[in-house]
Each structure stands twice: as structure tokens, then as C-alpha cells.
Amino acid sequence: MRSPRVRYLLLFQYLGTNYCGVMKSPAQQPGTGVQNHLENAVRKLRPVNEVSLSISSRTDTGVHALCNSAHVDIERKADKPPFSEQILTKALNFHLQTESIRVIRALRVPDTFHARFHAISRTYVYRLATGVGHHSELPLPEKNFCWPLQETGLDVRAMEEASTLLLGTHDFSSFRALNSETPFKNPVKTLLCAHVGLRQGSFSQEHFHRDLQYWEFTFKSRSFLYKQVRRMTGALVAVGRRKLSVSQLREILEARDSLAYPHNMTAPPDGLFLTNVEYTESDLLPLVQEWDMKS
């Protein structure tokens, strides 16, 4: 009896500093994407089918993820049953141990499941530190994981007011960077969460630099445009630094034009984390396979 081809949803995390984004990079391009390493790890399990991951959420060079997701089909030789979720997770992590990539969990899902199109929301958190006079003052555990700012205080009320302007359904054309996919992407998005908060209890804050403050900007939506989160963060920080007024941010939003966004205001990639990709439970329920019934 032929072993069935099984679709798995992989939940994985990575530190993006040393990768040219999550998507697979061509062989002739310098640097590798996270997808390259994940697919190589799957190939080392010797499936009989061609390996191709479908990534749910694209992240750029230097951007991190505490939880991204992808689906992959794996068909084994006829005498071998499908991998269990636990064994697949351990096996992939064994082959990824030299990389800053880890599979959190593998889930068997229906063969109609799609990691990108079935996602109902994505949550990003952007981290920044204030009171950093020079980048060398940033504690090493925070290097490449937050945006260091010299300011010792931000106008919290202004940032909170500005963040409410972004909530709801808008044409976010002004907050996207242009790329080859721009003509094919609908700029109308619904922002479910835009929260600005001072982070308490940071490890570095507690033990090393008590004069630094760490902030988190949280955004949640079904999907985002190219560099939308970094542009929204940059604009909110500019409001907090009193370099942009709330009314000016409203004008940028209402312009619905990428060129209306001020030059050099986009937040750097270092502080950005994809923290969650959400699915409905019913979409994750696997179909009963013949192998399961015989076991």
C-alpha cells in the first residue's frame, strides 16, 4: 500500500539578522532566506515528492519571527507511515540546529489547507528603546532586536491619539513601500489593533541599564502591505518625538499615496517581530487517513 501524501502546518520562529528575509532566495543571490533552510531540512528526511513550502507571512531582511507558519506536503516511501507531529518537529530541528531557526510545532492538516490564505490574522510587535545616547550603550541581548533612540521620553498621548487614526478599514497606500507586487495588492486593509505601550520588566532593563525604557508597538490585521508595519511605526515614533503632528499623520493617511510618506521615516527592520499567525480551529482539523485507521 502506498504511503499517503500528508500536509503539515509548520509553526516556526527565527532571528532574521543573518537572513535575507523569510522567502526563498535564488541560488545566484547572496545570502539565504529562512525558507531555503526549512526546505533543505525537509529534504534531509528523504520524502519521495518534491519539497516546496508555502509561507504564510512574508518578512524582510533583518525582521524576526516568534511564530511564522507554512504548509508542506510530505510523502514517504511505501513501507513507511506518515511522520507523527512530534517526530517531524524533532527531526526538522535536528537538521536546523546550526541555524537561528526552530520549528515550534508541526500539525497535520487537510490537503486543502493553505497557510497563507486560511490565516485570519497576523500580529506584529515592534520594539524600541529610548534613552540610548550611542548604539554601544544598548545591552548586547538587545542588539539587533530593537530600535535604539536617543530621546529619553516620547509623547505618549500624541502617539495613542495617532494610533487610533490607523484603526479600522482604510486605504493604506501611503504606508506601503513600492515593489513589484504593488499593482496586484489591494491597499485597503482593516487594522484590528494598534497599541502603543511601555514595556515593564525587560531583562536588560532590570539588570543592566535602568535608565533605558523599552516600548512595544502592536499591530494586528488579516494582512499587511509591504513595509506597512515599519512605516506605521516610524510615523507614530515621529509623532512621539514631536517631529510629526497628529493632523499631519491624518493627512498622510488620507493622501492614499506612497509618495506622501516622508523620506527616511520608516522604522528599521531590527525591532520588528511577527508574533502570531491565527487560524480558525475548524481549518486545522485533519482528515482521517487510512494509515490512522490501521494503526
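The model is predicted, so local features need pLDDT of at least 70 and side-chain atom pairs count only at pLDDT 80 or more, while totals for chains, interfaces and linings use all residues. Residues are numbered from 1 along each chain as its sequence is written, and side-chain values use heavy atoms, with hydrogens and water left out.

Helix α6 spans residues 246–255, and Val 246, Leu 249, Ile 252 and Leu 253 within it are buried; buried means under 20% relative accessible area, exposed over 50%, and partly exposed in between (1.4 Å probe, protein chains only). Helices (H or I, at least four residues) and strands (E, at least two) are DSSP runs, numbered from the N terminus. The face of α6 turned away from its buried side carries the exposed residues Glu 251 and Glu 254.

Ser 57 belongs to the loop between β2 (54–55) and β3 (64–75). Its relative accessibility is 2%, and Ser 57 therefore counts as buried.

Across the whole structure, a search finds 9 salt bridges, each a side-chain nitrogen of Lys or Arg within 4 Å of a carboxyl oxygen of Asp or Glu. In one of them, Asp 73 pairs with Arg 7, the closest N and O atoms being 2.7 Å apart. Asp 73 lies in strand β3 and Arg 7 in strand β1 (residues 5–14), so this pair ties together parts that are 66 residues apart in sequence. Both Asp 73 and Arg 7 are buried. Another salt bridge joins the side chains of Lys 220 and Glu 278 (3.6 Å, N to O).
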